[in-house]
Amino acid sequence: KSTPVWAFHGENDSILPVSMSDESVAALRKSARAAEVKYDRIPEARGSDPSWAAAGVPDMEGHASWVHAYYPPGTRVGENPPLFDWLLKHHRPA
């Protein structure tokens, strides 16, 4: 209950329905937790990332929401994406 969560899910995910994350995030928000819960519901998530092609993994519409997590629109080369800054501001209790 003290671990922060930032969930990402593409609304157009053809593999896992976005409702799965909707329900999980709703349950976390209803629980007696002190940690932050963020949720990015991405309207048009990508269907692949460069490593998939290199590994021979086929495109899967909307299933590569982590591309948005690491490289959201407007991120400039050499600048930390918001996810990195968010991760670095959290620490495990001693």
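Reader: What share of the residues in the chain is buried?

Author: Of the 94 residues in the chain, 31% are buried. Keep in mind that this is a predicted model. Buried here means under 20% relative accessible area.

Reader: What makes strand 1 count as largely enclosed?

Author: Strand 1 covers residues 5-10, and five of its six residues are buried, so the rest of the structure largely encloses this strand.

Reader: How do you know that strand 1 pairs with strand 2?

Author: A pair needs at least two bridges. Six bridges join strand 1 to strand 2 (residues 37-42), so the two count as paired. They run parallel. Residue by residue, Phe8 stands opposite Asp40 in strand 2, and His9 stands opposite Arg41.

Reader: And why is the crossover between them called right-handed?

Author: The chain goes from strand 1 through helix 1 (residues 18-30) to strand 2. Point the strands away from you: a path that runs clockwise from the first strand over the helix to the second is called right-handed. This β-α-β crossover is right-handed, so its path runs clockwise in that view.

Reader: What pattern does the chain follow along the sequence?

Author: Reading along, you get β-α-β-α-α-α. In total that's four helices and two strands.

Reader: Why is Leu87 called partly exposed?

Author: Leu87, which is found in helix 4 (residues 82-88), has 46% relative accessibility. Partly exposed is the range between under 20% (buried) and over 50% (exposed), so Leu87 with its 46% belongs there.

Reader: What makes Gly56 exposed, then?

Author: Gly56 comes to 61% relative accessibility, and exposed means over 50%, so Gly56 gets that label. You'll find Gly56 in the loop between helix 2 (50-55) and helix 3 (66-70). Its C-alpha atom is 28 Å from that of Thr75, 19 residues apart along the chain.

Reader: What share of contacts joins residues at least 24 apart?

Author: Among contacts between residues at least 6 apart in sequence, 55% join residues at least 24 apart.

Reader: And what are the overall dimensions and surface of the chain?

Author: The C-alpha trace spans about 40 × 35 × 25 Å along its principal axes. The accessible surface comes to about 6500 Å², and 57% of that belongs to carbon and sulfur atoms.

Definitions and conventions:
Residues numbered from 1 in each chain as written. Predicted model: local features only at pLDDT ≥ 70, side-chain atom pairs only at ≥ 80, totals over all residues. Heavy atoms only, no water. Buried < 20%, exposed > 50% of the residue type's maximum accessible area, 1.4 Å probe, protein only. Contact = heavy atoms within 4.5 Å. Areas by Shrake-Rupley, 256 points an atom, 1.4 Å probe, with all protein chains shown as cover.
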